[in-house]
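Student: I've got a model open and I'd like to talk it through with you. Can we go piece by piece?

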Amino acid sequence: MNRIVINTADANVRISRHIYGHFSEHLGRCIYGGYLVGEDSPIPNVRGIRKDIVAALKKIKIPNLRWPGGCFADEYHWKDGIGPHNERPKMINTHWGGVTEDNSFGTHEFLDLCDQLSEPGNPRCEPVICGNLGSGTVHEMAQWVEYCNFDGTSPMAEVRKKNGREKPWNVKYWGVGNENWGCGGNMTPEFYADNYRRYATYVRKYGETAPFKIACGPNGDNYNWTRILMEKTCPMVNGIDLHHYTVPGNWEHKGSSTEFAESEWYVTMRKAYFMDELVHKHGAIMDEFDPKRTVALIVGEWGNWFDVEPGTNPGFLYQQNTLRDAVVAAVHFNIFNNYAERIRMANIAQTVNVLQSVILTEGAKMVLTPTYHAFDMYKVHHDAVKLPVYVESQNCTHFNLPAVTASASEDDNGKIHVSMTNIDPKNEQGIRLELRGVSVKPVSGWIISSENMQDRNTFETENAVKIQNFNGARTEGVGGKITVNIPPKSVVTLALA
C-alpha cells in the first residue's frame, strides 16, 4: 500500500497559475495553420485568429503565452513584423524547415491573440515576449519595450499609434535572449551574463509596468551556468529560464510518439522524473545567492520530444499525443506544484501542432490531445495555496521507479484538491491518503486513463482519451484518512471538503 501524507498546517505559499503556461514559436504549423488562418478563411476567426482554438485555451484558463521563440527569437527583428502586411519584409526561418516567414504575425497580432485569450472576469493571459540578444542589439530590444509599454510622446509610441494602437499593452514579462548557450549564440555563461546585464539595463519601466526580466537559464543539468548567472546578474534578474525536454531515445532517434513498448514507456517516465532532480539542484544553487527566493526559476521549455510523424516535414516537429503524454504532463505538474516556492512559471512546448501540443489541427478540424485534458484537470491548482505532501510509493514491477507522484492545494473557497499519478501501466495502486490538521471527505474526483498506453485522440476519434468521473476513493472512519485505488497508467484529481 502506498501512502501520502498532506500537512495542511504547513501551507505557506501559492502555486502560481503561471506554472501552467504555454509556448508558441514560429515553427511548423503552430502559428501559421495553427492559430492564424487569415480573415478570409472559411474557418471561423476573429481578425484571422481561429475561434475554436481561442475557446479551447480559455477553457483551461491559459495564464500566459511565450513568443516568438525559441530559437526563432534570436533571429527575429521585431520591426519587420509591424506596419502594413504588404510592406513587411520576408525572411528565411533558418532553424525550422528553411521556410519563408512573411512576418504577417507580429507584435500586434500576438498581443491581439493574448487579448482574445483573456476571459473577462479572469486574470489576463499574460504575454511573455522573448527578445533578441543573439543577433539583435540593445537599442532594438529597448525600443521594443518602449513600443509596447510607453504611454506618452516618444518615437516608438508614435510609430505604435500610426500602426493603429493608441494605448500601450503594458507587457510585463520580457525574456532577454533564448538558449544563448546554443542556438542563441553559443555563448559561455560569463559572456552571456555580461550581455544580460547590459541588455537588461535598457529593459525599462514605463508607467506602472515594471518589467519582469527573464534571463536565459541552463540547458538541463548545466549547473555551472546557473551558478555563474546568479553570481553575476543578481539583483538585476527576476527569473532564470531552465529548458529540459523528455527524450526517450537520443537526439538522432528519439522514439515514436505512438508506437512504443512498455520498456519505452518506463524510459520516458524515468526521464520525466529527472525534472525533480534538476529543479532541486538548480534551486539549491539559487538559494546560495538568493536565500529569500525572490528570483523565480522558470521552466520555459519542457515536454516530450519524439520523432516527427511519418511523412511530415522533419523541421516542423509535428508529433501525435497519447495517454503517455498526459501522464508525463501530470508528473511535471506535481513537481512544479511541489516546488512552488521557487518555480513561478513554466511553458510547455508547444501549444498547437508542435511537440507535446495541447491542440492539433488539420484544415478546419481540431482535436484536443490527452495533454490538453491534463491541463484542464490541473487548473484547480491555479493560484491555490500549496499543501506540502509526503509520498511513500511502491516501485513499479521490474522497474526501480516510484509508481505514485502527488501534489495538493487548497483554493480560496477552502476546497482541497489532491492530484496523483500512477505510472505503472499494468497494476492498480492502492493509496492510503492522510490529511493532517483537517477532517475531510471526498466530494468528487476525475480521472484520465485508457485501455492502452498508445491510445490517442485523432480527427476521426476525438474522445478516446478524456477526463471522466472517478469513484475510487472512500473515507476511512472519522478524520482525514481516505483510501484511493488508482487504476494503472492514470492521472487522478480528488476534490475534498
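This is a predicted model: local features need pLDDT of at least 70, side-chain atom pairs count only at pLDDT 80 or more; totals for chains, interfaces and linings use all residues.

Student: Is A473 buried, partly exposed or exposed?

Tutor: Buried would need under 20% relative accessible area, and exposed would need over 50%. A473 has a relative accessible area of 22%, so A473 is partly exposed.

Student: And which residues does A473 touch, leaving out those up to four places away in sequence?

Tutor: Let's look at one distance before the contacts. I431 is 42 residues from A473 along the chain, and their C-alpha atoms are separated by 9.3 Å. The residues A473 touches are P442, I482, T483, V484 and L494.

Student: On to the cysteines. Which ones form a disulfide?

Tutor: A disulfide is a covalent bond between the sulfur atoms of two cysteines. Here the cut-off is a sulfur pair within 2.5 Å. Searching the whole structure finds one disulfide. With sulfur atoms 2.3 Å apart, the pair is C71 and C183.

Student: How many residues apart in sequence are the parts that this pair ties together?

Tutor: C71 sits in the loop between strand 5 (64-67) and strand 6 (91-92). C183 sits in the loop between strand 9 (173-176) and helix 5 (189-201). The pair therefore ties together parts whose separation in sequence is 112 residues.

Student: Is that disulfide left-handed or right-handed?

Tutor: Go by the torsion about the S-S bond of C71 and C183, which is about -90 degrees. That value makes the C71 and C183 disulfide left-handed.

Student: What about C30: how far is its sulfur from the closest cysteine sulfur?

Tutor: C30 is also at 0% relative accessibility, so C30 counts as buried. Its closest cysteine sulfur is in C114, too far for a bond, at 12 Å.

Student: Now the helices. Are helix 7 and helix 8 roughly parallel or roughly antiparallel?

Tutor: Helix 7 (residues 262-289) and helix 8 (residues 323-338) have axes 9 Å apart and pack at an angle of about 20 degrees. Angles under 35 degrees count as roughly parallel. Helix 7 and helix 8 are therefore roughly parallel.

Student: How many nonpolar residues does the contact of helix 7 with helix 8 have?

Tutor: On the helix 7 side, the residues include W265, M269 and Y273, and on the helix 8 side they include V327, V331 and F336. By class, the contact of helix 7 with helix 8 has three charged residues, two polar ones and, for nonpolar, ten.

Student: Is the crossing of helix 6 and helix 7 left-handed or right-handed?

Tutor: The axes of helix 6 (residues 223-233) and helix 7 come within 9 Å and cross at roughly 25 degrees. That makes helix 6 roughly parallel to helix 7. As for handedness, the crossing of helix 6 and helix 7 is right-handed.

Student: Last one: how many residues of helix 9 are buried?

Tutor: Helix 9 (residues 370-378) is mostly covered. Among its buried residues are P370, H373, F375 and Y378.

Conventions
Residues are numbered from 1 along each chain as its sequence is written. Side-chain values use heavy atoms; hydrogens and water are left out. Buried means under 20% relative accessible area, exposed over 50%, partly exposed in between (1.4 Å probe, protein chains only). Helices (H or I, at least four residues) and strands (E, at least two) are DSSP runs, numbered from the N terminus. Axes are lines fitted to C-alpha atoms, for helices over the stretch in contact, and angles run from 0 to 180 degrees between N-to-C directions. Angles under 35 degrees count as roughly parallel, over 145 as roughly antiparallel, 65 to 115 as roughly perpendicular and the rest as oblique. Contact means heavy atoms within 4.5 Å. Ala, Val, Leu, Ile, Met, Phe, Trp, Tyr, Cys and Pro count as nonpolar, Asp, Glu, Lys and Arg as charged, and the others, Gly among them, as polar. A crossing is left-handed if the near helix is turned anticlockwise from the far one by less than a right angle, and right-handed if clockwise.
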